[in-house]
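Dear colleague,

Please find the structure below, handed over for your records. My findings follow directly after it.

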Amino acid sequence: MKKFKVSLIPFIKSLFNKVVHENSVPETWKIAKITPVLKKGSSLLIENYRPVSNLNALPKLFELCILQRLEKLDIDVLVSSSQHGFRKAHGTESAVATIVSKVSDHLDSKRLVSMYSADLTAAFDVLRKEILVDILIEKGVPLCLVKILHSYLSDRMGFVQLGNKVSIVKDIKAGCIQGSIIGPFLFSIYMSQLQSIVHPWELVAYADDSYVIVQGTDMNELKTCTEGVMSKHYEWLKSIGMICNRSKTELIVFGNNKLSVEVGGESIESKNTIKVLGILIDCDLRWTSQINRTVSKIRSLTFAMRYVRRHLSIDEIRPIIHAHVISHMAYGAPIWHRRLTFRQRAQLRSVYFKILRLITRDFNYKLSRPQLLAKCKVEHIDAILFKRESMFLFNMIHKLEPTELVSKLMQRSYLNERSLGRLHFFDFSHTKMGKACISNSANEISSKWNFDWFFLTPETFKTRLAQQLNGEI
């Protein structure tokens, strides 16, 4: 199709205009080949699979056009500001950074803080298009777009293909088409009212994962507030057709406190660690569980790397190192790297260089660490983590997103230094946990940038940062 795109453009344009003019999507665009993808657990249980729709090229292109029209509207009106999923300049790390920043600020104010996560079952698959249409109209989306979206989500059909076996075609009466381009954005709009439901407590969301931060002056108040907001949260999810798996709901109380809440006749006990978008947060914000899990994960790769080394050269193994070692070690670094102890940093370095020695077959420790890095043509893990957190901070300031984090940074910065090409931040924290706030980490990171950076582009900043690190290491 790409070879004939110039010839096809006029016909595709005419077809799309006709669809928009008639507010009706062709039936052939509504048929999906559904492929079940195993998420986790036993392959014999159907609930462990995610149904991903394989759509035709034309409807995907049409979805992209509609999505661009929607994105020209006010995003903050369509999607909640607490939503970090499927938004530009947002992601899992920005969501976790927002959570840690909020929690640390409350702890620094001598408040008791709890946080719970709500686990939704098959969230995309139970979305009700009638409710979505009402939300779109309420948010001021043009009626022509609403009609097209309603037509696109109505009367859908699909068949399941698993290997060489194909099912019969059946109607799909609900859902948001997993695998589509516009589906995640529509789901974000569908869940945008949650922020007002849990108010006055704070919400941080990523797609169908939501985390609510509750605070109180004592444990009794914290328990009452947590139970109240959880009840409201679950009732609202039920009203919009979402299925909440309460058995997988996690609760944490930051500090050395324990909490037990009862919601809908079920008791939920607080844990010492909670998993937030793949990052483990401890109740004391010391990242012990996260580092231990990362180290354990890299150690588990030892046998596989030993086997791969028999058949591949170092140059061929390098992409594997980046994909399976460095990516795991660097994930979440902008949030936890500044808070690591000397022992935790030593753990990360040790397991990293153990993998490199395995690849170079330096079992007798004849090579020094700089020689290992030179032979494998990779960077030091300290430089990798510092680059990761530096780019995260710079991109956040450069793009002014997420707005809440950037606003907090600007409030805690020396504004008169902007004209000098750099910016320094100060910290109000009075406690160890309070120092996990974003401004404290930003001050430590930016103070290590030995060049004027405020007016640089991201590409130039990345180059200057690499030059600085090459000169130091």
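Directly after helix α14 comes R361, a residue with a positive phi near 60 degrees. R361 takes this value although it is not a glycine. Please bear in mind that this is a predicted model. R361 sits in the loop between α14 and α15, the latter covering residues 369-376. With a relative accessible area of 47%, R361 counts as partly exposed, because that class lies between the limits of 20% and 50%.

Of the 19 residues in α14, 14 are buried, so the helix is mostly covered.

On the α14 side the contact is made by L348, R349 and Y352, and on the α16 side by I381, D382, I384 and L385. Sorted by class, this contact of α14 with α16 has five nonpolar residues, two charged residues and no polar ones.

Which residues touch the most other members of the largest nonpolar core? They are I281, Y352 and W449, in a core of 79 residues. Helix α16 supplies the largest share of this core, with 11 residues. A separate core of 63 residues lies apart from it, and its members include L67, Y152, I240 and V253.

Beyond its neighbours within four places in sequence, Y352 is in contact with V325, I326, M329, L373, V378, E379, H380, I381 and I384.

Elsewhere in the chain, L251 belongs to strand β11, residues 250-254. Is L251 buried or exposed? L251 has a relative accessible area of 1%, and it is therefore buried, the cut-off being under 20%. Setting aside residues up to four places away in sequence, L251 touches S114, M115, Y116, T226, L259, V261, I268, E269, S270 and K271. Between the C-alpha atoms of L251 and K432 the separation is 22 Å, and these residues are 181 apart along the chain.

Some backbone details remain to be reported. D155 is another residue other than glycine with a positive phi, here near 55 degrees. D155 is placed in the loop between α6 (143-153) and β5 (156-162). Its relative accessible area is 63%, and D155 is therefore exposed, as the value is over 50%.

Where are cis peptide bonds found? One runs from H199 to P200, with omega near 15 degrees, and P200 lies in the loop between α8 (194-198) and β8 (202-206). Another runs from E401 to P402, with omega near -5 degrees. P402 is found in the loop between α16 and α17, where α17 covers 403-411.

With kind regards

Note on methods:
Residues numbered from 1 in each chain as written. Predicted model: local features only at pLDDT ≥ 70, side-chain atom pairs only at ≥ 80, totals over all residues. Heavy atoms only, no water. Contact = heavy atoms within 4.5 Å. Helix = DSSP H or I, 4+ residues; strand = E, 2+ residues; numbered from the N terminus. Nonpolar A, V, L, I, M, F, W, Y, C, P; charged D, E, K, R; others polar. Core = buried A, V, L, I, M, F, W, Y, C linked by side-chain atoms within 4.5 Å. Buried < 20%, exposed > 50% of the residue type's maximum accessible area, 1.4 Å probe, protein only.
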